[in-house]
Amino acid sequence: QIQEDLNKQLLDNLLSFLSRSHSEFQEKTTEWTCRMKFREIPTAALVLGVNVTDHDLTFRGLSDVLQDNITPYIALLEAKDCPGIKNLMQKLMGQLMHCDIDVDSLEDEDCVPVSHNRIRCSMSSLTSWYEGVTKKTDSETPSKKRNSSSRHWQSPPVVVIFKDMESFTTKVLQDFIVISSQHIHELPLVLIFGIATSPMIIHRLLPHSVSSLLCIELFQSLSCKEHLSTIIDKLLLTSRFPFKLGGKVLQVLINIFLYHDFSVQNFIKGFQLCIVEHFYSQPLSVLCCQLVDVKKRVYSLSHDQCENIRRLPSFRRYVEKQESGKQIELLTNDSFLKEETEKLLKDLHVYHENYVSILRCLHVFTSSLPKYPLGKQIRELHCACLENRVWETEEYESSLQLARMLNKTDLVTMLQQCVEILMSSSGKEFDKTVEKLKEFLTQFQNLEAEASQERDVSVSSQKELQKKTDLYHLQKTLLELKESRRSKKLTKFEMLRFEVVDYIDSLVRKYLVPADNRTLHEIVYFNAATVLRGHLNAAPRTALHTALNNPHWYLKNQALKCDGGGISNKAPDICIVYKLHLECGRLINLVDWLEAFSTVVMAAEEPNADAASSDQVDDIIHARFIRAVSELELLGFIKPSKQKTDHVARLTWGGC
Amino acid sequence: MPNLEHPAYPAADLLHLESLVPCRESQVSMLLSIFGERQQFSFPSIFIYGHTSSGKTYVMQTLLTTLQLPHVFVNCVEYFTSRLLLEEILIQLQSSSSDTEQTCPVHCDTLNDFVRLFKQAVASRELQDQTLYIVLDRAEQLREMEANILPAFLRLQELTDRNVTVVLLSEIVWELFRPNVGCFEPFTMYFPDYSIGHLQKILSQNHPPEYSADFYSAYINILLGVFYMVCRDLKELRHLAALNFAKYCEPVVRGEANERDTRKLWKNIEPHLKKAMQTVYLREISSSQWERLQHDGGEPGQLKGLSAHTHVELPYYSKFLLIAAYLASYNPVRTDKRFFLKHHGKIRKTNFMKKHEKTSNHLLGPKPFPLDRLLAILYSIVDSRVAPTANIFSQITSLVTLQLLSMVGQNDQLDGPRYKCTVSLDFIRAIAR
């Protein structure tokens, strides 16, 4: 249930995010349709970034929102459905007329013209259909009218969305645009181009004569990296969700995102997989729930589950630290254990709350340092803190050093930000911290006042300076001024700065302890990074190679276990053939291959009998060989070659 | 100026027609003399060609409607198959003949049907005595339909045995149309481009009512001075004129200058027009955005054009894949060993060859390369070890769908797919940074 709950939360987050990014966009849509003075088709170029897998969701959200607010007539076109202008028109009309049905499915007679299948797929019939539809909504009964025209206006625009602009052929797009520009007066058409790369593609696809028919406006969706940060921010850096990701797992997910696909969708899928895997593999994951339910669940634990808790390494460490009486209690008394567990889980929860807010504070500091020794994004910082004790790393040292050189205005704004973060967090322990930080702030203000006084002094001394004309005196006073500035003013400020940085350091040491050190962290943290990597980052070629090269790995047959580079004759035929082919070059002589194959196979069977018919290969072995070779061909390792007869070409390269 | 004269039509109509089609009088009079009187048989087919927006469609349309000649007007791009085209002609014929009687949907798959149905339609319209004109706009599309369509239209008069004339409008010359087998040669006619004087005259003809014609023509003069070098498209110029006129009028509205103060107005508008040439004309920013910008009086600098967003964000490995693809496309195979192996052979020997290679490779364009080579180069340019995971392979296909790579030869995937890199050096440079 928790999983489902989480997923829903997750999707909600995403949807609200998307609608936010598009809300501005719709306002524009409504605007254009009013200003169709010229024969230009209003067009939105929607630059969505290269994460194609996310686009589907975006478009679905977009069309839903459009449907709710602007127009019922939306057609989503994909390039693969439209190889020619004919298919495009068919698809377009099908979708438009179908959504008409959806709107007033109550009226049966509407279905009749649509079911009449052989509609002429041309723009003029589309126009007449549109006229008919809009006229009908005018003449409908008032009750119906309220329904439809309160949401849409009298003549709602027809929105045509091209999902993947890049893949459309030039001719189809050109033709479509030319045709629709002929009818723009009768049919208020709005085009939306989904663009994955850059808007230059419009100019590349459409010649000037066609693009001059369009009135293109550009919309850039948020970059997927920002999208990811928001999601991480909302999902991982809150204490609301009991489930947490371990450092390595998070690293794997982020790496897949950054290195491979930029797909937020896939990131979320990976996250969901983590949840499933965690609840499936960890028996104690029942305890991973909201704080309110913890008590109930802890007390319903069975004896076996209590034993499971005792077996947790982090719990053992905890037990070892207690005095001996308590140790025995913990290890033998179930109810005492339960009480203790509940307490520990609550501790863990509090730890999370504190962790997040202090992490944000630290991020405020580190994100403004030059060169970002601890990373620019909060997720990098988060990973670093999860991984090990952050204050022991070199990066942390260097960032502290840099922080000691910050100027005052920056420092003050940072402190203010920290105060805000801590105030907004729910933890009760931070009252004192906030006090302290505020105290720092007032001290800085005092410092400022003092500094201004001092400046007055220096100004007056400068005035004195101007009076004097003696070179020697001038030099002397200048030197004095310099001295005083360096020693007096800076030391005060510097002291305070040191104090602030040290204080932050102490906060970090107190609260940003890596989760591995906490007792019972196994319950809420998912740490099986290798499992996840195996699931998400599949390596088909490697797997195939392993299967063929080392059949023992998958077949679990002791007899197949072979040592070193030798070729066992007990292995399946295809494995033998595969191993033999690895030894060959680009072109493989079939006769030689067969020879080698028969040698390997015969080797074990009858080492002495084959002497009689050594040059004559057994028919059965021949057949087995041919089957194995054709299996390899099916797997895509070899193909018949036309360069030489009796040879096949290898399609893969590299030896064993 | 040759005045339009024809005995068959009333002089008032002709005069009206002349005012509607400025600078095309000679063509119109030529057409009229070909058409002859209403009941006279005309030339079976006429082919009119001329550059974009030289008024072909407009002249035909106004000619036929003002003189109220029976006609059918069809755009061949819009009716992209022969069936649609033929049916559309029949529908237009029927609908113009009888408004009261609802026309049943026509089915016309072949030309044979068309000729039969056409005869019926003409018979029902009772215009035996008048010439019917069928105008096919953008006739170059006819070449892509069935082979018999074009020759049949050219001798439709002969086939149907009715008084009909087919007019083909196109932007390309007749020589590119002529099918291999012999066909009826149409009467060809050329519409020349409008000269600057013509453009000036036509554009200043429809001035806004609140300003005087002189004022508007002065504005058109300035506009043409800026845009004539790059654009002679009448439609485009008209569009630009409408867009920028408000700005031109601004000083007059504010009372800073009167309508005669041409010099002052020119100073005001000229930089503005130049900016428009760089942005709106190239469709860098849309005309509605431009209008809004004018309205607010803001600087166009804040609005980035389409080509400003050239940067493409790519995942880490996709970048490397693309770079590898670029290298594979533009480097010859034999240099791979030299570039990507640690212990390569001699460099000295190949040094002098490099020069003429460099010049040619970018001019020759990308060459196809097999998948294996791409991966091999990828492995050598990425520092860390890359596992050949499914993600890497799927990235290659997604690069293909993004049109950054293109697949060469559509044969099956097992057969060693070959790719080409379609991006430019600048793009690669931006990525490699």
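Predicted model: local features only at pLDDT ≥ 70, side-chain atom pairs only at ≥ 80, totals over all residues.

What follows are my entries on chain B, then on chain A.

**Entry 1: chain B overall.** Of its 433 residues, 48% are buried. I also looked up the contacts between residues at least 6 apart in sequence, and 70% of these in chain B join residues at least 24 apart. The accessible surface of chain B is about 21900 Å², with 54% of that belonging to carbon and sulfur atoms.

**Entry 2: the sheet in chain B.** In what order do the five strands sit? I read the order as 2-3-4-1-5, in an open sheet with parallel pairing. Strand 2 (71-75) and strand 5 (187-191) of chain B are at the edges with a single partner strand each, so each has one side without a neighbour in the sheet. From one strand to the next, the twist averages 15 degrees.

Then I checked what lies against the sheet. Helix 2 (residues 25-35) of chain B packs on it, touching strand 1, strand 3 (132-137) and strand 5 of chain B. The direction of helix 2 makes about 165 degrees with that of strand 5 of chain B.

Strand 1 (residues 45-50) and strand 4 (residues 164-170) of chain B pair in the parallel sense, with five bridges. For B:Tyr49, I found B:Ser170 as the bridge partner in strand 4 of chain B.

**Entry 3: helix 3 of chain B.** This helix covers residues 56-66, and I listed its buried residues: B:Lys56, B:Val59, B:Met60, B:Thr62, B:Leu63, B:Leu64 and B:Thr66. Just after the helix I noted that B:Gln68 has a positive phi of about 55 degrees.

**Entry 4: strand 4 of chain A.** Is strand 4 (residues 189-195) of chain A mostly covered or mostly open? Covered: seven of its seven residues are buried. Strand 3 (residues 158-162) of chain A pairs with strand 4 of chain A in the parallel sense over five bridges. One bridge to note joins A:Phe162 to A:Phe193 in strand 4 of chain A.

**Entry 5: the three-stranded sheet in chain A.** I found another open sheet here, with three strands in the order 8-10-9 and antiparallel pairing. Strand 8 (587-589) and strand 9 (638-640) of chain A are at its edges, each with a single partner strand, so one side of each has no neighbour in the sheet. Ignoring direction, neighbouring strands are turned by 35 degrees against each other on average. Strand 9 and strand 10 (residues 647-650) of chain A run antiparallel and are joined by three bridges. I looked up A:Ile638, and its bridge partner in strand 10 of chain A is A:Arg650.

**Entry 6: two spots in chain A.** A:Val264 belongs to helix 12 (residues 264-281) of chain A. I get a relative accessible area of 1% for A:Val264, so it counts as buried, the cut-off being under 20%.

Last, I looked for nonpolar surface. A:Trp553, A:Tyr554 and A:Leu555 make a nonpolar surface patch of about 370 Å². A:Leu555 lies in helix 26 (residues 552-555) of chain A.

Key. Residues numbered from 1 in each chain as written. Chains lettered and ligands numbered in written order. Heavy atoms only, no water. Patch = residues over 30% accessible without salt bridge, like charges linked within 9 Å, V, L, I, M, F, W, Y side chains within 5 Å. Areas by Shrake-Rupley, 256 points an atom, 1.4 Å probe, with all protein chains shown as cover. Salt bridge = Lys/Arg side-chain N within 4 Å of Asp/Glu carboxyl O. Helix = DSSP H or I, 4+ residues; strand = E, 2+ residues; numbered from the N terminus. Pairing = 2+ DSSP bridges. Axes fitted to C-alpha atoms, helices over the stretch in contact; angles between N-to-C directions. Contact = heavy atoms within 4.5 Å. Buried < 20%, exposed > 50% of the residue type's maximum accessible area, 1.4 Å probe, protein only.
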